[in-house]
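Here's a quick briefing to read with the model open beside you.

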Amino acid sequence: MTIPLSMPDIGQREIECVTRALRSGQLSLGPAVEEFESKFAAYVGTRHAVATNSGTSALHLCVKALGIGCDDEVLTSSFSFPASVNCLLYEHALPAFVDIDPETLNLSPAEVRKMLAREYRWDAAQQRAVNRQSGRRLKAILPVHVFGLPCEMGPILEIAREFNLSVIEDACEAIGAEWYGRRVGTFGDAAAFAFYPNKQLTTGEGGMIVTDNPRVASVCRSLRNQGRGEDGEWLLHVRLGFNYRLSDLHCALGLAQLERIEELLTARERLAAGYAERLSGIPELFLPPRRPNAKRSWFVYPVRLGAAEPRALRARLMARLKERGIASRAYFGAIHRQPYFEAIQLSTNRPLPATESASESCLALPFFPSMSHEQLERVCEAVREILREARSAAPYATGLARAAAV
Ligand SMILES: *Cc1c(COP(=O)(O)O)cnc(C)c1O
């Protein structure tokens, strides 16, 4: 039997709620949307929430509502899912890639500072940092809470204040995560969450914008609904909008999942602890770090391969796991190294060593709330054996492994 990488956790309650929505006769723009939005806002701790049909569309509307557009630059990291950059390109804005912290894999505030000093000048007339080379204005910073670990939001907000930047949190992998006891999604001008089936909370497909800013919320509401006005006139279109609506069926599913979010997150936390216990002490394997002031919301279980050639060792591990019916995935691959992004030559000459190193060495192992004790044992035993065997095979023997074997 194969062990998948992820699997949604759908219970009887979810089926009941979706069935009720189906029978209600109102499949879109009905009461489930508003209820999901208000309960989600209450959970995260923001004034407003606007449901959308994906995390990507949530990010896109945040960008648009904050007035980020043609030739504006946005600081963000390349170690992410491409959606966090695509949302800028849709509006003809450009990412300014900052390297990540090699341990947390999140955007590094120290690297942001260095880059600002080196590559930008302050333009007092515009009240913006301007790229010395291109002359483009820096408008925002878009931190991604990678693998559910919160970014260093204090230093990021400080930079944002200092350089007049909007902050958009990509919280798509981090529902329930906390930085100094405060939930992610509450720090930025706006934040996006995502509900694809591999996420901690799923609606099948779906996303959510959260914000404290009533104008941002109202513009997002209009944009997701074909640019309709806010005064309720159904056929009054006041701006260029989209159909980014989330149906009542999806919201009903989301409501049922939100009711038991603590249970879902706790199951993931327990699983992560199980992995940490069973995989510790393997010399080639670095486990996801814990941070003293951050509560991670476990999205996947990302390990890193430490070897002279991590990419080769990872490929070998993945292939052997597959032979044993165990799924795993190499991600993220750095966005600036993806074929499309290479083709449009997004990457500047700025080196991103930590990003590249992480994208060569990260591996996600099977991770879902209903994963059984036996499945966990099977994965960990397989990882241990495969790496032990690799250690003795010549091309993969590493200084690290040899040292450990002595
Ligand atoms: C899942 C995810 C998104 C949004 O994904 P959708 O599939 O559009 O819902 C955006 N950013 C990150 C980092 C993600 O993991």
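Predicted model: local features only at pLDDT ≥ 70, side-chain atom pairs only at ≥ 80, totals over all residues.

Residues are numbered from 1 along each chain as its sequence is written, and side-chain values use heavy atoms, with hydrogens and water left out.

**Ligand site**

- The ligand has 14 residues around it, and the closest are G55, T56, D170, E173 and K199 (a residue counts if one of its heavy atoms lies within 4 Å of the molecule).
- Sorted by class, that shell holds 6 nonpolar, 5 polar and 3 charged residues (Ala, Val, Leu, Ile, Met, Phe, Trp, Tyr, Cys and Pro count as nonpolar, Asp, Glu, Lys and Arg as charged, and the others, Gly among them, as polar).
- Helix α3 (residues 55-65) gives the most to the shell, with 3 residues; helices (H or I, at least four residues) and strands (E, at least two) are DSSP runs, numbered from the N terminus.
- The side chain of T56 puts an N or O atom 2.4 Å from an oxygen atom of the ligand, and E173 has a polar side-chain atom 2.5 Å from a ligand oxygen atom.
- For D170, a polar side-chain atom lies 2.8 Å from a nitrogen atom of the ligand.
- Taken alone, the ligand exposes 390 Å², and the protein buries 92% of that (areas come from the Shrake-Rupley method with a 1.4 Å probe).

**Strands**

- An open sheet is made of 3 strands in the order β12-β14-β15, with antiparallel pairing (two strands pair if DSSP finds at least two bridges between them).
- β12 (285-286) and β15 (362-365) are the edge strands, each with a single partner, so one side of each has no neighbour in the sheet.
- β12 is joined to β14 (residues 301-305) by 2 bridges, and the two run antiparallel; F286 has R304 in β14 as its bridge partner.
- Elsewhere, 4 bridges join β4 (residues 120-123) to β5 (residues 128-131), again antiparallel, and Y120 stands opposite N131 in β5.
- β4 and β5 form a hairpin with 4 residues between them, and Q127 in the turn has a positive phi of about 55 degrees.

- F332 belongs to the loop between α10 (310-323) and α11 (339-343).
- H92 isn't a glycine, yet its phi is positive, near 60 degrees; H92 is in the loop between α4 (83-89) and β3 (94-98).

Terms used. Polar contact = N/O pair within 3.5 Å; in protein donor to acceptor, adjacent residues only side chain to side chain.
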